[in-house]
Amino acid sequence: MLRFASLPALLGGTLLQAPTDAAATVQHLLLDSRRVGVPAGTVFFALRGPHHDGHQYIAELYQRGVRLFVVEVPVANLAAAYSEAGFVQVNSALEALQQLAAQHRQGFGGPVWAITGSNGKTIVKEWLAQLLSPDELICRSPRSYNSQVGVPLSVWELRPQHTLGIFEAGISEPDEMARLAHIIQPTAGIFTNLGPAHDAGFASREQKAAEKMQLFAGVERLVYCRDHAAVHAAAAALPASVQRLTWSRHAVPDAAVQVALEPSADPSQMLAKVRYAGTEEVFTLPFADEPSVENVLHCLTVLLWRGLASAEIQRRLLRLHPVAMRLEMKQAIHDCYVLDDTYNNDLTGLDLALDALQRQPRRGRRTLILSDVLESGLAPEELYGRVAELAAQHGVQRLLAVGEAIGQHQAVLAAAVPEVLFFADTEALLAWFHPDKFRQETILVKGARRFGFERVVAAFQQKIHGTVLEVNLDALVHNLNYYRARLQPGTRLMVMVKAFAYGSSSYEVANLLEFHRVDYLAVAYTDEGVQLRENGISLPIMVMNPSPDSFGLLRQYHLEPEIYSFARLREYLQAAAAGPLPAVHLKLDTGMRRLGFDEADLDELLPLLRQHATRLRVASALTHLAGADEEQHNDFSRRQLSAFQRMAARLENELGYPIIKHALNSPGILRFPEAHFDMVRLGIGLYGVEAAGLDPTALRPVSNLRTTVSQIKQLPAGETVGYGRRGDAADYPRRIATLAIGYADGYDRRFSRGVGEVLIRGQRAPLVGNVCMDMCMVDVSGIADVQEGDTALVFGEGLGLTELAKRIGTIPYELLTSVSERVKRIFVSE
Ligand SMILES: *Cc1c(COP(=O)(O)O)cnc(C)c1O
């Protein structure tokens, strides 16, 4: 094991302070201060980015037991504040991390494969692991850890007992690949394909191909599809020593593997007639969609090169299973949430999934439902010992263990987790299952595929009608970062999670925002704030319109009210005759004419505030623009902003301490960068609607409202549909689909009779007749193959809120916040 003491020499750094434990070794690399596992042996690398500085978290980490640090700037007060810790200073913590990983890689004697390309990297990697796991003990990147920081962390996991490493590499800018190549040092490679992803970072597609190809400059063998001309052209730059192993579906003569595809009797499969090294075989591929076929052909080429017998290749191909690219969190019975990760079950995947479980700060217990762990390559004692350790580390309180292998290690698991129940198989678990056995808990369901745990997840899901609002948490983070990147340095971020987080469910969104360290949350009413606190959210929360009878709750839950009138201020002061009160936010009316103090009120307000200064602190002053999103109101907006600055400056001066000043909502953030002041208030933009109209493609839609086709009817000409029988008879025969969504779900009745459209099988279907309470009907005459049970997208990706809102004369805000609470929310992330 590498000693911490040898890092300065290895990384070209300076030892600022040696750790008390002079023999401390480097075992775990930590970049994200929120993810400390075992503190002993953990080295924290204080990375710095445009919106992030790892040095900020050193104190917190020290408190949690981390003792080894790699930093870029000297740390104040070292000996006094961090007496036990070791510190190494380097020029770049990122480069130091990469150098350490490269060094570690050099110590590994086995083969290492690298995968790059625009699409399919993760799937090809996971499938190769599935296909080769009978023969190899593989170390591979977890999920899609393929970046400048993901690759070093992945490579660090290589151990002497591994027989093969498979790592993916992704880049978005020139010069990044050379660094990844230096870390991975691959002996063989796969170039999947070249698409438009990250084009923006490069001068041309050729430059991007050439850049990616650098990964393979030192490999012995490279696999790619000969039909991708750009990939082939870039491969010409590789040294002659690199053996090209290519496949073609278009009979390009120099391709080593010739493939001809034919449909199979089973529409979910394809037949591939394959010629290689003078032999010809027909393989059944277990997928029929284009991307999967390409991915599986890369893998097939690798198996052919490895010399596996055809029958064995076929056997393994048929066992391939889809790779779950995302973790889904689903609302379930009795206020529970289920984290659904039912597709694979290996140790790295378990670690990541437990991490996701631990990040749910809800009250109530954390339960893990786990099957036998496969593909670990470890001896069973060691494996289940690790499982027990991971479960304990991540605070699992109840374990339902399913399977024979796991059942043989009851003692070690029972010692690590307070409550453990064992089941011989999934049937036994389902027989035991009853909704009353679960209440307000977060449940991670993680099982190897053959255990069929999707049945367990189904048992947890409430019986619902077929409408769900899918909330894409990755899109939300993307949008958050989009706005963050546009803030003036030092500007704080308050995020509006009022109205159920614009319909997308406040607790989950708030939890994610807390994880991503926004500064403040805001809700409209006290109840909303209480609910967030009850669910473990600890960020400061501003309540915009608390009713006086809820002032006691504000104190109890540390919620900070917005105060907009003298009446409210007096009531607030009276609510608790003595003792300090949560800080307040003063709303200033500069032109909205809704709530707030006018400029003339300050003469009376200031003395009152000073009088109660010992109990009452003003946290901030805010105003709200009446026309932040529209150019035509710019003059008015600027007048509002300067009135605000004047009023806030006076408050600050006369109070004698600094207060946070904030004025801008989402469109304002983009349109008035000069007025970000100390904080901005992000709302609709986070949820995917760019209301200023400046950058319409920059945000990702967060909410997808989906429903299902309940029935399909063939109507002769002249028939009307639904209530009212007015105006919508057609003089031709039609096919009508009834959808399981109505105005009680929040689907606006103004969409009736052709105003609205939904998306089925990628095509638009117009509304027919009136929207009913629980249903509506659409014309699907023009859409081939529509079937009962099909999904219809009501809004979301491909059917934008802005367009739909215009059709009924409203704004996206109304559509988002109208989705009723009876519609189940599902949270997805990659
Ligand atoms: C809702 C709200 C916002 C956020 O507005 P968006 O247009 O959704 O960004 C900001 N400030 C106040 C006072 C609000 O009520």
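Select asparagine 193 to begin, and you will find it in the loop between strand S11 (188-191) and helix H8 (205-213), where helices (H or I, at least four residues) and strands (E, at least two) are DSSP runs numbered from the N terminus. The model is a predicted one, in which local features need pLDDT of at least 70 and side-chain atom pairs count only at pLDDT 80 or more, while totals for chains, interfaces and linings use all residues. Residues are numbered from 1 along each chain as its sequence is written, and side-chain values use heavy atoms, with hydrogens and water left out.

Asparagine 193 counts as buried because its relative accessibility is 9%; buried means under 20% relative accessible area, exposed over 50%, and partly exposed in between (1.4 Å probe, protein chains only). Show its side chain, and you will see a polar contact of 2.6 Å with the side chain of glutamate 294, while a polar atom of that asparagine 193 side chain also lies 3.0 Å from the backbone nitrogen of asparagine 119. A polar contact is a pair of N or O atoms within 3.5 Å; within protein, one must be able to donate a hydrogen and the other to accept it, and residues adjacent in sequence count only if both atoms are side-chain atoms.

Next, select lysine 498, which is in helix H19 (residues 498-502). An unreviewed UniProt entry lists Lys498 for "modified residue: N6-(pyridoxal phosphate)lysine"; UniProt positions are given in the numbering used here, feature names are shortened, and annotations may be inferred rather than shown by experiment. Lysine 498 counts as partly exposed because its relative accessibility is 26%. Not counting residues up to four places away in sequence, lysine 498 touches Ala522, Val523, Ala524, Glu528 and Met544, contact meaning heavy atoms within 4.5 Å.

The buried residues of H18, among them Leu473, Leu476 and Tyr483, pack against several elements, including strand S23 (468-472), strand S24 (492-496) and helix H20 (506-515).

Finally, select Leu705, Gly746, Tyr747, Phe751, Val794, Phe795, Leu815 and Val819, which line the largest cavity. On a 1 Å grid over the protein atoms alone, a cavity is a set of points where a 1.4 Å probe fits but cannot get out, and lining residues have an atom within 4 Å of a point. The largest cavity has a volume of about 60 Å³, a volume being the space filled by probe spheres set on the points, with grid points joined across faces, edges and corners.

Conventions. 1 Å grid on protein atoms, 1.4 Å probe; cavity = no way out; pocket = protein on both sides within 12 Å on 5 of 7 lines; lining within 4 Å.
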